[in-house]
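Biologist: I would like to learn to read this structure. Where do we start?

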Amino acid sequence: MENCIFCKIVRGEIPSKKVYEDDEILAFHDIQPVAPVHFLVIPKLHISSLFEVEPGHQAVLGKCLAVAGKLAREQGAADGFRTIINTGRVGRQEVYHVHIHIIGGPQTLPPMIVWRGQ
Ligand code: AMP
Ligand code: ZN
């Protein structure tokens, strides 16, 4: 996708701090980390969101998840981490190229989402 920021990172048109790369997936540090460890794992193939996932995407998405634990450990989240995939407006997705946030570090993370609606 021409104007997708993460596709530009895949193509090397925008710099990133790479954590891992192979022919199908890429992991790089989030530009605005919310914890000592915060990186993103993406398929190199452009998939806008989990809403657009098709059966043929299963293997590459599985691969994104499969590397998470090893990479998290290597990055300093050896005692645990949180994986987040924001989807669509309600999920407050900002970049429409599927990505898994890997968030952690030495300290325990805050509790899960607290619902503040009616
Ligand atoms: P979201 O779509 O809400 O799951 O979040 C998108 C994430 O991408 C945010 O945490 C941003 O800080 C991150 N982000 C946006 N642009 C870049 C970039 N050029 N390099 C690394 N991370 C980025
Ligand atoms: Zn893209």
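Modeller: Start with the elements. Helices (H or I, at least four residues) and strands (E, at least two) are DSSP runs, numbered from the N terminus. Here helix 1 gives the largest share of the shell around ligand 1, three residues. This is a predicted model, where local features need pLDDT of at least 70, side-chain atom pairs count only at pLDDT 80 or more, and totals for chains, interfaces and linings use all residues. Residues are numbered from 1 along each chain as its sequence is written, chains are lettered from A and ligands numbered from 1 in the order in which they are written, and side-chain values use heavy atoms, with hydrogens and water left out.

Biologist: Which residues come nearest to ligand 1?

Modeller: A residue is near a molecule if one of its heavy atoms lies within 4 Å of it. Of the 16 residues around ligand 1, the nearest are D30, E94, V95, H99 and H101.

Biologist: Which polar side-chain atom lies 2.5 Å from an oxygen atom of ligand 1?

Modeller: A polar contact is a pair of N or O atoms within 3.5 Å. The 2.5 Å case belongs to D30. Polar backbone atoms also reach ligand oxygens: R92 at 3.0 Å, V95 at 2.9 Å.

Biologist: Is strand 5 mostly covered or uncovered?

Modeller: Buried means under 20% relative accessible area, exposed over 50%, partly exposed in between (1.4 Å probe, protein chains only). In strand 5 (residues 100-104), five of five residues are buried. H101 and I103 point one way, I100, I102 and G104 the other.

Biologist: How many bridges join strand 3 to strand 5?

Modeller: Two strands pair if DSSP finds at least two bridges between them. Strand 3 (residues 37-43) has five to strand 5, antiparallel. V37 partners G104 there.

Key: A polar contact is a pair of N or O atoms within 3.5 Å; within protein, one must be able to donate a hydrogen and the other to accept it, and residues adjacent in sequence count only if both atoms are side-chain atoms.
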